[in-house]
Amino acid sequence: MARVVPNLVSFLSSLPLRVRALGYWSLVYGASLLCAAAALLRLWWSVLLRPSGTFQWGVRGDPPPACLNDTSLGTHCYVRIKESGLRFHYVAAGERGKPLMLFLHGFPEFWFSWRYQLREFKSEFRVVAVDMRGYGESDVPLSVESYRFEHLVTDVRDIVEYLGYNRCCLVGHDWGGTVAWLFSIHYPEMVTKLIVLNSPHPSVYADYALRHPSQLLKCSSFFFYQLPRLPELMLSINDFKALKALFTSRSTGIGRKGRWLSSEDMEAYLYALSQPGALTGALNYYRNVFSSLPLTQQCVRSPVLLLWGECDAFLEQGMAEACRLYIRNHFRLNIISGAGHWLQQDQPDIVNTLMWTFIKEGEGRKSHRH
């Protein structure tokens with residue numbers, strides 16, 4: 001199989017553009033339909049087992065869980081960007097005027113996923129954790145096209161400039177990591193250091209998944225999320241059981257060998273994700289991914305720290321080292337043993353220590369195992 005797949009990739013590359021495009025989109029929509037069939041079977045089985053509970057779920061009303069108003073995390077702020085017209089919510093701490101450290105969260109998270117880092121780095125930075133468009137208290141554009149890569153990158157630029165800065169230390173996880181990679185590619189002068197957690201360079205992801213069927217299987221949700229409405233339904237049934245499982249199950253959850261997600265923390269996520277339109281906004285990130293690749297620009301010119309959970313259930317470790325190909329500056333890769341996908345919440349002490357080391361030294365060139 002290892003030889004067959006690269007040969008298949010080479011064969012596909014030699015085909016005319018129209019034929020390749022037809023094959024590409026046939027694969028995407030074919031896989032989406034297969035995932036839809038599997039989801040409908042799961043839905044049917046859930047109805048059989050819990051006919052009265054399957055379609056019961058509720059919006060978490062006010063007041064929000066107390067942890068979301070913890071003053072040790074910072075101050076809740078809002079900004080309306082003139083160019084896009086969107087209002088963004090963010091939590092900020094640390095003295096104004098200190099260097100900016102900007103945090104970008106992943107799916108299905110919001111600013112709260114950076115709670116451990118907000119407390120840790122506010123001593124030397126102006127730390128800001130944003131609710132990205134479509135999440136939390138930020139605006140939720142209705143159209144799928146509003147979540148294209150170029151809009152997500154522009155959001156970061158506009159927020160940095162609104163905050164009164166022309167550069168920042170940029171930190172991203174999962175989808176936030178993807179946006180951080182892209183922002184560093186397009187605005188290298190605005191990124192002093194790039195720190196990414198469990199998110200490969202977008203070009204690495206696309207190439208690796210095509211060459212490794214096991215990774216393609218792990219990212220089957222990418223295909224399922226292309227569908228309208230059905231993914232939102234499947235994430236909502238049984239009072240958001242699937243969302244709870246993402247954060248708490250043995251295979252994918254937070255705290256397998258680190259910090260456990262408390263019941264209040266879980267309610268904080270459900271409070272944010274159960275609001276009307278919240279799941280659609282979050283899923284629209286996925287609904288643009290296949291039309292946004294391959295990238296026309298790929299090289300990152302900022303120093304990069306890539307932190308990777310060894311036991312990530314969604315992303316294979318082989319992608320981490322491959323990111324080195326696209327970095328034209330210092331690169332440090334730390335593989336954290338026993339850690340999963342939700343790295344900054346699962347192993348915050350280790351993550352914070354490695355971030356401090358990179359920030360202070362900035363000269364890491366070798367991969368390490370912690």
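His173 touches Leu104, His105, Gly106, Glu109, Trp114, Leu197, Asn198, His341, Trp342, Leu343 and Gln344, leaving aside residues up to four places away in sequence; contact here means heavy atoms within 4.5 Å. The place of His173 is in strand 5.

A word on the model is in order. The structure is predicted, so to speak of local features requires pLDDT of at least 70, side-chain atom pairs count only at pLDDT 80 or more, and totals for chains, interfaces and linings use all residues. Residues are numbered from 1 along each chain as its sequence is written, and side-chain values use heavy atoms, with hydrogens and water left out.

The secondary structure of the chain comes to 15 helices and nine strands; these are DSSP runs numbered from the N terminus (helices H or I, at least four residues; strands E, at least two). Of the 370 residues of the chain, 55% count as buried. Among contacts between residues at least 6 apart in sequence, 77% join residues at least 24 apart.

Strand 5 itself (residues 168-173) is mostly covered, with six of its six residues buried. In a regular strand the side chains alternate between the two faces of the sheet. In strand 5, Cys168, Leu170 and Gly172 lie on one side and Cys169, Val171 and His173 on the other, and all are buried.

Strand 5 has neighbours to explore as well. Strands are taken to pair if DSSP finds at least two bridges between them. Strand 3 (residues 100-104) and strand 5 pair in the parallel sense over four bridges, and Met101 has Cys169 as its bridge partner in strand 5. Strand 5 is also joined by six bridges to strand 6 (residues 191-197), and the two run parallel; here Leu170 has Leu194 as its bridge partner. Six bridges then join strand 7 to strand 8 (residues 331-336) in parallel, and Leu306 stands opposite Leu333.

Helices complete the picture. Strand 5, helix 5 (residues 175-186) and strand 6 make a right-handed β-α-β unit, meaning that, with the strands pointing away from the viewer, the path from the first strand over the helix to the second runs clockwise. Helix 4 (residues 149-162) packs on helix 5 at an angle of about 80°, with the axes 9 Å apart; axes are lines fitted to C-alpha atoms over the stretch in contact, and angles run from 0 to 180 degrees between N-to-C directions. The two helices are therefore roughly perpendicular, the label for 65 to 115 degrees. Phe149, Leu152, Val153, Val156 and Arg157 in helix 4 meet Trp175, Thr178, Val179, Leu182 and Phe183 in helix 5.

Helix 10 (residues 263-273) is mostly covered, with eight of its eleven residues buried. Its cover includes helix 3 (115-121), helix 9 (230-248), helix 11 (278-283) and helix 14 (343-346).

Terms used
Buried < 20%, exposed > 50% of the residue type's maximum accessible area, 1.4 Å probe, protein only. Parallel < 35°, antiparallel > 145°, perpendicular 65-115°, else oblique.
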